[in-house]
Amino acid sequence: MPKVCFGCNAHLSGGEQYLCTVCRNQIPLTEYTFNAENAVDRIFYGRINIKKASSFLFYSEIGIVKNLIHHLKYRNQEQIGAFLGDWYGQVLKETFDTNIHAVVPVPLHKQKLRQRGYNQVTLFAGKIAYHLEAEYVDHILVKTANTKTQTKKGRIARWQGNKALYTLTDASVLENKNVLLVDDVITTGATMELCARALMEAKGINIYLTSIAVVP
């Protein structure tokens, strides 16, 4: 089978990988950094005490990013996460002025993990950790219930119904560290908020948030 672009389904030419040159040039980069206020920061204002937030791409209901995320999550194309993480990791290496000690992916429930076979955030977060020379920690933040997707529920209702949805099994691992929490898509921010609250059990922790994409 010929290799095709995951953004537009066109055949890839020599030297192209996962995205054709046209899609790579047109992909909607946020160009947000962790050094200046941005729209992702504002999602979490007044909700949780984090240091900074950012995201790599803009997500829309039609287009390149939606196609990439769909293939990553539902078409067994886990390598897309590594491709995007390598790209974003190099960007962060050049622009992030904070020493990140640990990178933590938002976890899947063990049942969901068995069904899908992988966590779509794992390779993306792992590549970021590699470029930032940080420890990749994917074993201590645990999802306690196999909830259905809740992207259409209100943020407050989601939080009230899932107060113990994520737990930290060993807070000492992250004590007094700068930690980057990573997800696939930030919509209302409720998932990241719940995960960050769990991480705050670690004394002296500083939390930064990022994702593959954010809904504008």
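Biologist: Is Gln120 buried or exposed in this predicted model?

Modeller: Gln120 has a relative accessible area of 6%. Buried means under 20% relative accessible area, so Gln120 counts as buried.

Biologist: Where does Gln120 lie?

Modeller: Gln120 is in the loop between helix H5 (110–116) and H6.

Biologist: Which side chains make a polar contact with the side chain of Gln120?

Modeller: One is the side chain of Arg116, at 2.4 Å. Another is the side chain of Asp184, at 2.9 Å. With residues up to four places away in sequence left out, Gln120 touches Leu72, Lys73, Leu108 and Asp184.

Biologist: How do I read the packing of H4 and H6?

Modeller: Two packed helices are described by the angle between their axes and by the distance between those axes. Here helix H4 (residues 79–95) and helix H6 (residues 122–132) pack at about 30 degrees, and their axes are 7 Å apart. Angles under 35 degrees count as roughly parallel, and H4 and H6 are therefore roughly parallel to each other. The crossing of H4 past H6 is right-handed.

Biologist: Which residues meet there?

Modeller: Among them are Leu84, Tyr88 and Leu92 in H4, and Leu123, Phe124 and Ile128 in H6. The contact of H4 with H6 has eight nonpolar, six polar and three charged residues.

Technical notes. Residues are numbered from 1 along each chain as its sequence is written. This is a predicted model: local features need pLDDT of at least 70, side-chain atom pairs count only at pLDDT 80 or more; totals for chains, interfaces and linings use all residues. Side-chain values use heavy atoms; hydrogens and water are left out. Axes are lines fitted to C-alpha atoms, for helices over the stretch in contact, and angles run from 0 to 180 degrees between N-to-C directions. Helices (H or I, at least four residues) and strands (E, at least two) are DSSP runs, numbered from the N terminus. Angles under 35 degrees count as roughly parallel, over 145 as roughly antiparallel, 65 to 115 as roughly perpendicular and the rest as oblique. A crossing is left-handed if the near helix is turned anticlockwise from the far one by less than a right angle, and right-handed if clockwise. Contact means heavy atoms within 4.5 Å. Ala, Val, Leu, Ile, Met, Phe, Trp, Tyr, Cys and Pro count as nonpolar, Asp, Glu, Lys and Arg as charged, and the others, Gly among them, as polar. Buried means under 20% relative accessible area, exposed over 50%, partly exposed in between (1.4 Å probe, protein chains only). A polar contact is a pair of N or O atoms within 3.5 Å; within protein, one must be able to donate a hydrogen and the other to accept it, and residues adjacent in sequence count only if both atoms are side-chain atoms.
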